[in-house]
Amino acid sequence: MILSPRSDTDWMQAAIALALRGRALSSPNPSVGCILVRDGRVVGRGWTMRGGRPHGEAMALAAAGDAARGATAYVTLEPCAHDSERGPACADLLIAAGVARVVIGTQDPDPRTNGAGIARLEAAGITVQSGVAEASARASLSGFITRQTLGRPFVTLKLATSLDGQIALADGSSQWITGEQARAHTHVERAHHDAILVGGGTYRADAPRLDVRLAGLETRSPRRVLLSRMGDAPAGWTALASPHDIASLAGVGWLMVEGGAETAAAFLAIDSVDRLLLYRAPVLIGRGKAALGDIGLGNLVDAHGRWRLDNTRLLGNDRMESYQRIR
């Protein structure tokens, strides 16, 4: 069977998949994926390393060596144009390597680069195409882009509920509503976030560890944040007095909010939830503890048109649903 050549979109989607490997680990820098292709063959690939350096382009170029000359570089984010004490600008590295073409997922909103990386590449005679698989590229960079544009982390609100929307029995018992596969999926999600936040009630009732308990991923446990009106937290935790204070979490691009009902409602009430991650178990609880408190909704019409389903799957007997905020 003769396979048709891969399209630019195909290669960009592959670069986006690579970028996921460095998500959260690369903070405060975004995790950028880069694939170098020459004559239909991958000659180099990379993604941003722990702590933000080297960048994905530098890793891919180092892997390709001389084979990078004349190649096409597929990069999820516009190559940076600013020099740093930690390394040269990626636009300059691509120029020096002699790549013939650069395909970009999305432009960099960082004012130090915004458009300047593209301009520098074009001035060197390199063909540049931007906006390929842009929606997917921006989604993979949501933590960075939200930080740049809104000044706060990208917030995922995670809820595990019964079919009738309860998160616990009336006495507060909640272990376990969902099954083992759904809980494992939650730990994978944690590994892709910089920090996890819970409210004081959840902390006092459950003493949650909020770590990653999957073999091989234990070192990717995120920072722990406690929403506390008193503004204090135990050792090893960061305290915030208000949901508005998430902007102060330095180096956090991806924040997961895990509970409880009043904390979840507080984030929804100020429209600071960018993604809903729902795990729904095939059980009915009846009178119990509802997943949400008051979110300030005054008109049912206002509830519509705010969320878009972007992923769903079965995890054992439970269903996971992911919704993106429509902005």
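Where is the place of Arg-152? In this predicted model, in which local features need pLDDT of at least 70, side-chain atom pairs count only at pLDDT 80 or more, and totals for chains, interfaces and linings use all residues, residues are numbered from 1 along each chain as its sequence is written. Side-chain values use heavy atoms, with hydrogens and water left out.

Arg-152 sits in the loop between helix H6 (142–150) and strand E6 (154–161); helices (H or I, at least four residues) and strands (E, at least two) are DSSP runs numbered from the N terminus. The relative accessible area of Arg-152 is 9%, so this residue is buried (buried means under 20% relative accessible area, exposed over 50%, partly exposed in between; 1.4 Å probe, protein chains only).

Turning to charged pairs, a search of the whole structure finds 14 salt bridges, each a side-chain nitrogen of Lys or Arg within 4 Å of a carboxyl oxygen of Asp or Glu. One of them joins the side chains of Arg-275 and Glu-189 at 3.0 Å, N to O. Because Arg-275 lies in strand E12 (residues 275–280) and Glu-189 in helix H7 (residues 180–191), this pair ties together parts that are 86 residues apart in sequence. Both Arg-275 and Glu-189 are buried.

Asp-211 meets Arg-209 in a salt bridge of 3.1 Å, N to O, and Arg-213 in another of 2.3 Å, N to O. Asp-211 is buried, at 19% relative accessible area, whereas Arg-213 is partly exposed, at 38%. Elsewhere, salt bridges that share partners join Arg-152, Asp-271, Asp-274, Arg-306, Arg-325 and Arg-327 into one network.
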